[in-house]
Amino acid sequence: MSIKWVILDVMGVIFEVGDDTNDLLVPYIQKRNDIISAEKINEMYLKASLGEISSFDFWNELGFGSKFPGIERDYLDTYLRIDSEFVEIAKTLSKNYSLAILSNDVKEWSNYLRTKFDLNSLFKIIIISGEVGYRKPDKRIYNILLDRIQSPPSDCVFVDDRSKNLRPGSEIGIKTIRFVREESNDDFSANFEISSFVELPQAIERVFE
């Protein structure tokens, strides 16, 4: 029997807030300096999440270089909340499936959070945009994932909270589950939708039937 893969997004799935940049990072920085625009923060975050600049460069460009690394640790420790149901469900899933991460993130931030919550041991493959130089929904990051896991797309299910990130996976044959944390109006129909991790094991079974 072939190995089946469950691929998880991080922000909006493993961690509760989906748009961590605008909902968490922008307010955090503007609380400390309200002159810095959301556009500038997003611009620097995009560069960091593509691996074009380091996490130190990100803070330094915004005027917080002298407060690094304390400011980064403070942000990651106080603003980002892991879904309380995730770890137990992931441990259960790992008995029957291979787990992978496919995430848009700054590589240093991702490494810190995965270490802090002891997540690395749960995943066989971890693809972070800041390490590979492409962000979802760029199809190249999905192809990097498939190259690493060495399984056909039909043996993979991808769980993400954003339809725009599920669509490219679906187009190359990966099964999709949308984690609905907030309602959105779009025309993409995932294979399945869930609103909590408790629903995920059954949804995966259904998708692979």
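The model is predicted, so local features need pLDDT of at least 70 and side-chain atom pairs count only at pLDDT 80 or more, while totals for chains, interfaces and linings use all residues. Residues are numbered from 1 along each chain as its sequence is written, and side-chain values use heavy atoms, leaving out hydrogens and water.

**Strands**
- Strand 4 (residues 156–160) runs parallel to strand 5, joined by four bridges (pairing needs at least two DSSP bridges).
- Asp160 is opposite Arg178 of strand 5.
- Strands (E, at least two residues) and helices (H or I, at least four) are DSSP runs numbered from the N terminus.

**Helix 1 and helix 4**
- The axes of helix 1 (residues 20–32) and helix 4 (residues 70–79) come within 11 Å and cross at roughly 130° (lines fitted to C-alpha atoms over the stretch in contact, with angles from 0 to 180 degrees between N-to-C directions).
- Asp20, Leu24, Leu25, Tyr28, Lys31 and Arg32 of helix 1 meet Ile71, Asp74, Tyr75 and Tyr79 of helix 4 (heavy atoms within 4.5 Å).

**Ser110**
- Ser110 belongs to helix 6 (residues 107–116) and is buried, at 4% relative accessible area.
- Leaving aside residues up to four places away in sequence, Ser110 touches Asp105 and Ile128.

Definitions and conventions:
Buried means under 20% relative accessible area, exposed over 50%, partly exposed in between (1.4 Å probe, protein chains only).
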